[in-house]
Amino acid sequence: MNHILQVVVLILGFISYQHQAIAQSELPYNSFFLPLNKHTDAAKPLYSAQIMRTNTNYLIDIDAPFSWFGCWPTWNMQPGNYCPGICTPAVSCYENICNKVRTSSSSKSPSCPPAQDSDYEGECYCPYNVVDSLDGRCVISYLSNDTFDVKTSNGRNPLPPIYSANANVGCVDPSTAFQSYPKDVTGVMALSTSPYALPASLNQPPLNKTLSLCLPSSTAAHGILFYGNGPYYLSDVDVRGLLSYTPLLKRPDSFGYFIGVNSFVIKKRSVDLPGNTTAKLSTTEPYTTLRTDIYNPVVRRFSLVTKRIPKANPIAPFSLCYSTSTNGTQAALKVPDIDINLQDGKKWTISTANSIKQITEDVACLAFVDGGAKSEHAIVIGTHQFEDNFLLFDLENSTFGFSSSLLRKQTSCANFDFTMHD
């Protein structure tokens, strides 16, 4: 009898696998992707992705609840139906989506007052406030329907099909909203868990609800964003085999991504943290920021294990810097790894490329920043620590995958083959 049950289970498992395979084969691709660019022409390094239809470069923000960009609602067109830039259809204040957006926690911020209906020549439109990802100020935005065109991939190369995702986005005045942004970046791409963020718009079964980021370390080469199933090949390496996983934690006041951290380990010595310490992941903060009670012991320990390396005068915002020049000769800095021990026992290793920032030809600094004694978040892991690391956000299972430095695996975020596959 047990033998018969085993056979039945095997048959059912095979049928399930076949159905899964058939479902997958219904699509000619297994993921969407967007090339990522690094910008260094603003106050801090930032990263963007370009949407093809409008050729708009969007700042990528894994914390933002809404996408918004510089455009003109169709009712705000100039006399003679002349559009001064990109024009998009505005949503009426009478449409259900207007009320849903305004009452959603996605659009509420303590720093922004509620938006009021806007009348233009007898028509009622739907303004709502968005929070600027860089300076935290409120920006008036008009709800619009737009299309995000994204490229498709087999995991190794681009494929011909283009996927058009319908999305609700905010339309803001491009002449005033992006003063502190890199040149030619005139949008914010929300990549959070919000129901109005881009991942929700890209949801297309049977693709997995999985967002992956690989930030480039240079302005000269593209990184990559994937949404969907693997594989994810960088050179000949399917980076899925390099990933460790830890749970994503939720906070009731945020659509961002958080992980639990137990300690920092530097050369076998542990800097333990208070229980239930969480780290926020950010694509708009350039360096890992630590609350003062965490920052001080981490920097003390790192300074001790690098005491043989000549120190240099600190350069803000860093407090621990090193001389990389001896008698006029430049030397590559090599420092011990920093291991972030996570709450489930996994270890995220921060190697020299991600822990040290070259500031001038002669000075490099530990790329960690003191966030102050009353910092809102105990730890914010920033983009310098992300570069050339593959990061995977499994939105279905609430898990976070990370590779540590790809450079140690003889590949990098710049190694996706963007040659079209027919």
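**Exercises around strand β10**

In β10, Y128 finds its bridge partner in S141. We're working with a predicted model, where local features need pLDDT of at least 70, side-chain atom pairs count only at pLDDT 80 or more, and totals for chains, interfaces and linings use all residues. Residues are numbered from 1 along each chain as its sequence is written, and side-chain values use heavy atoms, with hydrogens and water left out.

**Exercise 1.** Work out how β9 and β10 are joined.

*Solution.* Start with the terms: strands are DSSP runs of E, at least two residues, numbered from the N terminus, and two of them pair if DSSP finds at least two bridges between them. Next, β9 (residues 127-131) and β10 run antiparallel, with five bridges. Finally, look at the turn: six residues separate the two strands of this hairpin, and G136 there has a positive phi of about 75°.

**Exercise 2.** Now follow β10 into β11 (residues 158-172).

*Solution.* Count the bridges: 12, again in an antiparallel pair. Then pick a spot along the way, where D146 stands opposite A167 in β11. The hairpin turn has four residues between the strands, and its G155 shows a positive phi of about 100°.

**Exercise 3.** Classify the ring pair F66 and Y196.

*Solution.* Rings of Phe, Tyr and Trp (its six-membered ring) pair if their centres lie within 6.5 Å; planes under 30 degrees apart are stacked, over 60 edge-to-face, the rest tilted. Here it's 5.0 Å centre to centre and 10° between the planes, hence stacked. As for burial (under 20% relative accessible area, 1.4 Å probe, protein chains only), F66 is buried at 3%, and Y196 is buried at 14%.

Terms used. Buried means under 20% relative accessible area, exposed over 50%, partly exposed in between (1.4 Å probe, protein chains only).
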